[in-house]
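Visitor: I would like a quick tour of this protein model. Can we go through it by question and answer?

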Amino acid sequence: MQKILEHIEADGEVDIKNIAALLEVSEITVRRDLNQLAADGLLYRTHGGAVKVNPLQKPHAFVNKSAQNAEVKDAICRLASTQINDGDIIFMDCGSTVFRLCRFIKNKKIKVITNSLPVVYELQDSMASVNIIGGELDKERQAVHGATAIEHINKYRANKAFLGVDGISAAGLFANSENEASITKAFLANCAYNYILCDSSKIGRETYLNFAPLTVLNAIITNADNSKTNAFAKHGLVVMQTQD
């Protein structure tokens with residue numbers, strides 16, 4: 001792990017295949033060590049490797065949370081990005097999967113309205129125009145919540161929203177807090193077409209708060225197979241599945 005950190009410090013990034021060959025260890029060992037270093041906030045996990053964390057540029061604790069299960073999240077976000085065109089006005093919430101959409105939309109001429117500080121940081125030097133929601137900062141989530149934030153969202157209209165949830169089932173959408181649920185509901189209410197981005201672990205999961213029915217959604221983008229998604233199709237949702 002120390003050797004990995006030395007290479008990241010020198011080069012700014014590491015590639016799993018290259019570092020495994022250089023250190024004469026297995027790729028599995030490198031992945032395990034990168035995941036541990038990411039969990040400790042010492043680097044930012046990417047698809048195929050890792051990059052150096054600059055604490056002055058990004059809220060790295062959140063960014064490393066987003067790096068968990070990175071390949072699945074990236075596949076979901078890559079598919080989601082195909083639904084975004086130049087000229088779109090989109091909502092993006094503070095979910096760790098939604099954050100990873102940023103890397104796929106940096107070259108699109110769009111407007112992004114978000115309550116997520118990591119999204120703002122990630123898109124600040126991109127082609128996208130960014131509108132940050134005002135309100136109270138949740139330091140742990142690196143996101144803005146509260147009544148003022150909802151008032152801000154209600155002033156805008158987006159043609160597409162890309163949102164996350166803590167759980168989704170035939171009973172509807174679930175959140176772990178009322179703050180998160182209220183922001184998601186505001187985004188949903190002010191958007192023409194709503195997408196939920198979630199990996200298979202969120203499907204069928206019912207957490208603390210059931211805050212909205214499936215009827216508020218238009219589409220779900222996921223890596224889950226048909227056995228988990230058939231119920232959503234029956235409710236009229238468009239189900240978009242990543243390829244294995």
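This is a predicted model: local features need pLDDT of at least 70, side-chain atom pairs count only at pLDDT 80 or more; totals for chains, interfaces and linings use all residues.

Visitor: Which element gives the largest share of the largest nonpolar core?

Guide: This core has 30 residues, and Phe-91, Ile-168, Leu-173 and Leu-217 touch the most other members. Elements giving two or more residues to the core include α9 (147-154), β9 (160-163) and α10 (178-189). The largest share is five residues, and the element that gives it is α10.

Visitor: How many residues are in the second, separate core?

Guide: Among its members are Ala-80, Ile-90, Val-119 and Ala-219. The size of this separate core is 23 residues.

Visitor: Which element supplies the largest share of the lining of the largest pocket?

Guide: The pocket holds about 450 Å³ of space. Its lining has 28 residues, and Gly-95, Arg-141, Val-165, Asp-166 and Lys-202 lie nearest the centre. By class, the lining has nine nonpolar, 10 polar and nine charged residues. Four lining residues, the largest share, come from α10.

Visitor: Arg-141 forms a salt bridge with which residue?

Guide: Arg-141 sits in the loop between β7 (136-138) and β8 (143-145). Its partner lies in helix α10, 39 residues apart in the chain. The closest N and O atoms are 3.1 Å apart, and the partner is Glu-180.

Visitor: What separates Arg-31 and Glu-27 along helix α3?

Guide: Their side chains meet in a salt bridge at 3.8 Å, N to O. Arg-31 is partly exposed at 32% relative accessibility, and Glu-27 is partly exposed at 29%. The two are four residues apart in helix α3, so their separation is about one helical turn.

Visitor: Which residue is linked with Glu-27 and Arg-31 in a network of salt bridges?

Guide: The structure holds eight salt bridges. Glu-27 and Arg-31 belong to a network, and the residue linked with them is Lys-17.

Key:
Residues are numbered from 1 along each chain as its sequence is written. Side-chain values use heavy atoms; hydrogens and water are left out. A nonpolar core is a set of buried Ala, Val, Leu, Ile, Met, Phe, Trp, Tyr and Cys residues joined through side-chain atoms within 4.5 Å. Buried means under 20% relative accessible area, exposed over 50%, partly exposed in between (1.4 Å probe, protein chains only). On a 1 Å grid over the protein atoms alone, a cavity is a set of points where a 1.4 Å probe fits but cannot get out, and a pocket is an open set with protein on both sides within 12 Å along at least five of seven lines; lining residues have an atom within 4 Å of a point. Grid points are joined across faces, edges and corners, and a volume is the space filled by probe spheres set on the points. Ala, Val, Leu, Ile, Met, Phe, Trp, Tyr, Cys and Pro count as nonpolar, Asp, Glu, Lys and Arg as charged, and the others, Gly among them, as polar. A salt bridge is a side-chain nitrogen of Lys or Arg within 4 Å of a carboxyl oxygen of Asp or Glu.
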